[in-house]
Amino acid sequence: MLKKFAVTNYRGFSKRIEFDLSNPKNYEFNSFAIKDGIIKNGIVYGPNGSGKSNLTMAVFDIVNHLSQKWKKPDYYVNFVYSGNASQPVEFEYSFALGKYNVLYRYSKEANGMLMSESLQVDGHQVFNREKGIFEIDETNFPMDSVMKDNLTSNENHVSIVNFLLTSYPLSKDHYLLLLQQFVNSMLWFRCLENREFIGLESKIVLLDEYIIKNRLIDDFSEFISNVSSQQFKFARPNLNDKVLYCVFGSSRVPFNQIASTGTHSLMLLYYWIKQMDKASFVFIDEFDAFYHFKLAYEVCRRLFALDCQVFTTSHNTYLMTNDLLRPDCNFILADNTVKAMSECTEKELRFGHNIEKMFRGGTFSV
């Protein structure tokens, strides 16, 4: 699980910003949102331009150099904070992986090239590489002087983590393999003007074709009905059909032509939920941009019932309720800082409190 993330000099973040999931409170309600002492589910709120999308994408930077999964093609556009463009972007991840606590730090140039990289496990340094310096625990990773010299210069900017993964035999529960598995299973996506995603899959999937090919038409219809109360009568597909059709009397109309923007967004969500049994960490940016507020609540309820860590961003304060989550799982992002609501007030927050009303009344200060 991801315990803590921090980034410095990234896009709109001029200073270090830290997203801490390792400090849950002792609330007795909605305990599903906490797993092994780490926050498993949460929603990030913030005004327009506060950096919610930037935060979500920053968390997934690690996918770009440790994974072969799908990447956002324009990810490195405006990668560095423009007011400090000559300095690198610095990333820091803290993971709980099996029995290991893993701290992974690295920095990148504006074009995404790795500049420095270090790894600690349970407080012990595994390796550290920065300009002109390379140190490694040779007890576990023995190497000759030529290899060390090459890794010190590292002219092709290869990730040391990836090098170790491909160069040494490792046990199946080794911390490097656990790190690789976690990163390969991370998923970020959103559905605004364009559908975009990072991680988990290696190719783009046509949703109609996926549903037809996997014989999920009835399941998809039931999903749409359960979460949004919409009723669609889908035609039985013909051999090799790649488009979903809805039946109206004697007519067949393509689903994509009659579905609303919000229903198209639900279709994408349906696809990703089907994949989330393989996911480790999911961040959905503005997941409810086209949803009715009650639909957004139902979607959250389903997402947070999954085993993996799932977080979303939202403007919908209807979701800011102790019936859905807890104050330590609702985060506020403002002024280059993100904090749990429980950290934004000196008041003791209880289940019966209307935290949406308190938020609108200015109770919480980041």
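The legends below describe close-up views of a predicted model. Local features need pLDDT of at least 70 and side-chain atom pairs count only at pLDDT 80 or more, whereas totals for chains, interfaces and linings use all residues. Residues are numbered from 1 along each chain as its sequence is written, and side-chain values use heavy atoms, with hydrogens and water left out.

**View 1. The protein chain as a whole has 11 helices and 18 strands.** Helices (H or I, at least four residues) and strands (E, at least two) are DSSP runs, numbered from the N terminus. Of the 366 residues, 54% count as buried, where buried means under 20% relative accessible area with a 1.4 Å probe, protein chains only.

**View 2. An open sheet is formed by 7 strands in the order β2-β1-β6-β7-β8-β9-β10, with antiparallel pairing.** Its edge strands, β2 (17-20) and β10 (133-136), each pair on one side only; two strands pair if DSSP finds at least two bridges between them.

**View 3. Strands β8 (residues 114-121) and β9 (residues 124-130) pair in the antiparallel sense over 5 bridges.** The bridge partner of S118 is N128, in β9.

**View 4. Helix α5 (residues 175-184) is mostly covered, with 7 of its 10 residues buried.** The buried residues of α5 are Y175, L176, L177, L178, L179, F182 and V183.

Definitions and conventions
Buried < 20%, exposed > 50% of the residue type's maximum accessible area, 1.4 Å probe, protein only.
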